Amino acid sequence: MSTATETAQPVARPATGSRAFRKSRLGRILLRSPFYFLVILIFVYALFPFFWAIRSSFTPEGDLFTTPLQWIPSHPTFDNYRTALNASFFRDALINSTIVAGTVTLVSLSIGSLAAYALGRFKFRGRGFVMYLMLSMTIFPQIAILGALFTIISGQNIIWFIHLPNIYNTRWALIFSYLIFTLPFTVWVLTSFMRALPRDLEEAAYVDGATPIQVFYKVLLPLIAPGLVTTGLLAFIAAWNEYLFALSFIQDPSKYTVPLAITNFVSPTGSSFAVPWGAIMAATVIVTLPLIFAVLVLQKRILAGLTAGAVKG
């Protein structure tokens, strides 16, 4: 019995030098160092522009181009922030961007959730075509549809008996144009969430006498809340940062959005060759902070929505 037991026991193999090195603390650190280096590289690459904006916003205008370069300003100042906030067109731009981006987000989520409910929960002929049509609308570059949008927004007659309203140089022009790229994205993403929901809940609600609309906003809509938060935030950021349509359809400085307002700061000397980089960087930090705050507040729902979307996709 003892002989059989000894024979059944595995024979310990002597540890080689490479295996011993990999198991040592120094070996584990060296083997993981490329991964840590890549993480640090991505971290620096992503945060350096924002660091440079903050650094420049606190640097006096005369010290921005001094040599040698000062990574930390020796005489930090808030003059650039005062200059940015004292500009009336910039304050108006903050209000305009909030109204436009908020309206675009609400309209996109309202229409997009209803469309996603129809596309994700009902079977009808042409559903796949509609989905791919929505996706194709996001492929075209903005400049490709700029001329057609200008024709519609300026109120020109498309057909002799159809006279479109002239909404040029109004917030409605931006809301209408921004929906072109936020609405298809919202419908496409929310449809994947709707398709992944179990049909047992929906059928149980129908058995209890619920109508399709009640099933939508009482049963299904709360279940896709992480998707609504994630999609709504991405739509808000896209509308908040849009520049080309705002440049093309807005002429009145009192109706500028923040990207337009940032490009319209002028030097105190009035020279077109002197760019007030300090005020521009301060304005950039001001308009970026609300987005960072929103992401930090909603980070749990955003992560839940992104994770759920990745798994369902």
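User: Are H8 and H11 roughly parallel or roughly antiparallel to each other?

Analyst: Helices H8 and H11 are roughly antiparallel to each other, a label for angles over 145 degrees. This is a predicted model, in which local features need pLDDT of at least 70 and side-chain atom pairs pLDDT 80 or more, while totals for chains, interfaces and linings use all residues. Residues are numbered from 1 along each chain as its sequence is written, and side-chain values use heavy atoms, without hydrogens and water.

User: At what angle do the axes of helix H8 and helix H11 cross?

Analyst: Axes are lines fitted to C-alpha atoms over the stretch in contact, with angles from 0 to 180 degrees between N-to-C directions. Those of H8 (residues 171–196) and H11 (residues 225–241) cross at roughly 165° and come within 10 Å. Helices are DSSP runs (H or I, at least four residues), numbered from the N terminus.

User: Which residues make the contact?

Analyst: Contact means heavy atoms within 4.5 Å. Here H8 contributes residues including Tyr178, Phe181 and Phe193, and H11 residues including Gly227, Leu228 and Ala239.

User: Where is Leu221 placed, and which residues does Leu221 touch?

Analyst: Leu221 lies in helix H10 (residues 212–223). Leaving aside residues up to four places away in sequence, Leu221 touches Ser113, Phe216 and Leu228. Ser113 is 108 residues from Leu221 in sequence, yet their C-alpha atoms are 8.1 Å apart.

User: Why does Leu221 count as partly exposed?

Analyst: Partly exposed is the class between buried (under 20% relative accessible area) and exposed (over 50%), with a 1.4 Å probe and protein chains only. Leu221 is partly exposed because its relative accessibility is 23%. Of the 313 residues of the protein chain, 32% count as buried.

Technical notes. Helix = DSSP H or I, 4+ residues; strand = E, 2+ residues; numbered from the N terminus. Parallel < 35°, antiparallel > 145°, perpendicular 65-115°, else oblique.
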